[in-house]
Amino acid sequence: MADTKNIMIVGVGGQGTLLTSRILGGITVAAGYDVKLSEVHGMAQRGGSVVTYVRYGTKVAEPIVEQGQADVLIAFERLEALRYAHFLKKDGVIIVNDQRIDPMPVVTGVAEYPQGIIEDLSKEYRVISVDAQAEALAMGNSKVFNVIILGVAAQHMDFPKEQWIEVIKNTVPAKTIDINVKAFERGYEIA
């Protein structure tokens, strides 16, 4: 169905992909769309690849995004952006956190981490790169980098900023509302 929008969130275990997908699910439901969420874990422990599909529209049949169908690819780490770029539509956008997390084959010396990932992706795709980790550290909370990235991504979706903030307030733990709203607003400004 042509009116279905496809968002993919990719990262590694422990980076907050689940929270991010819950916020995305919340905003699409608040806007009155049918939404399907699906998570795929490589290794569920910290460091393993995690993919979340968020599909929304008038009526969504299935949760899985096919290759070449993602409108927005949100990548919390450079190698994950490279690994899943082929899911992006021709006119889609990759929003990538410019961060390197070595996967197990690199840690154990079996493989090397590729160089120039963002530059290579930029030759073929529309890429927005943000050092969200540095932004989060500057805000005093390294954990909110995912919400900063979401703020950047929000500029490429059809929901008003106020609606995003409302959903964030209703989704994150109460004691983290202020920092998460600030993180979202920071990402929104960067975009």
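View 1. Of the contacts in the chain with a separation of 6 or more, 62% come from residues 24 or more positions apart; contact here means heavy atoms within 4.5 Å. This is a predicted model, where local features need pLDDT of at least 70, side-chain atom pairs count only at pLDDT 80 or more, and totals for chains, interfaces and linings use all residues. Residues are numbered from 1 along each chain as its sequence is written, and side-chain values use heavy atoms, with hydrogens and water left out. A compact globule of 191 residues would have a radius of gyration near 16 Å, and the chain agrees at 16 Å (taken over C-alpha atoms, with the globule rule being 2.2 Å times the number of residues to the power 0.38). As for burial, 49% of the 191 residues count as buried, meaning under 20% relative accessible area with a 1.4 Å probe, protein chains only.

**View 2. Strand E5 and its two parallel partners.** Strands and helices are DSSP runs numbered from the N terminus (E, at least two residues, for strands; H or I, at least four, for helices). E4 (residues 70-75) runs parallel to E5, joined to it by 5 bridges; strands count as paired if DSSP finds at least two bridges between them. Ala-70 has Leu-88 in E5 as its bridge partner. Between E4 and E5 the chain passes through helix H2 (residues 78-84), making a right-handed β-α-β crossover, i.e. clockwise from the first strand over the helix to the second with the strands pointing away from the viewer.

**View 3. Glu-80 in helix H2.** Look for Glu-80 in H2: the residue is buried, at a relative accessible area of 3%. Its side chain makes a polar contact of 2.8 Å with that of Arg-83 (a pair of N or O atoms within 3.5 Å, one able to donate a hydrogen and the other to accept it). Setting aside neighbours within four places in sequence, Glu-80 touches Val-10, Gly-11, Val-12 and Ser-49.

**View 4. Helix H1 and the glycine after it.** Buried residues of H1 include Leu-19, Ile-23, Leu-24 and Ile-27. Following H1 comes Gly-32, with a positive phi near 90°.

Terms used: Buried means under 20% relative accessible area, exposed over 50%, partly exposed in between (1.4 Å probe, protein chains only).
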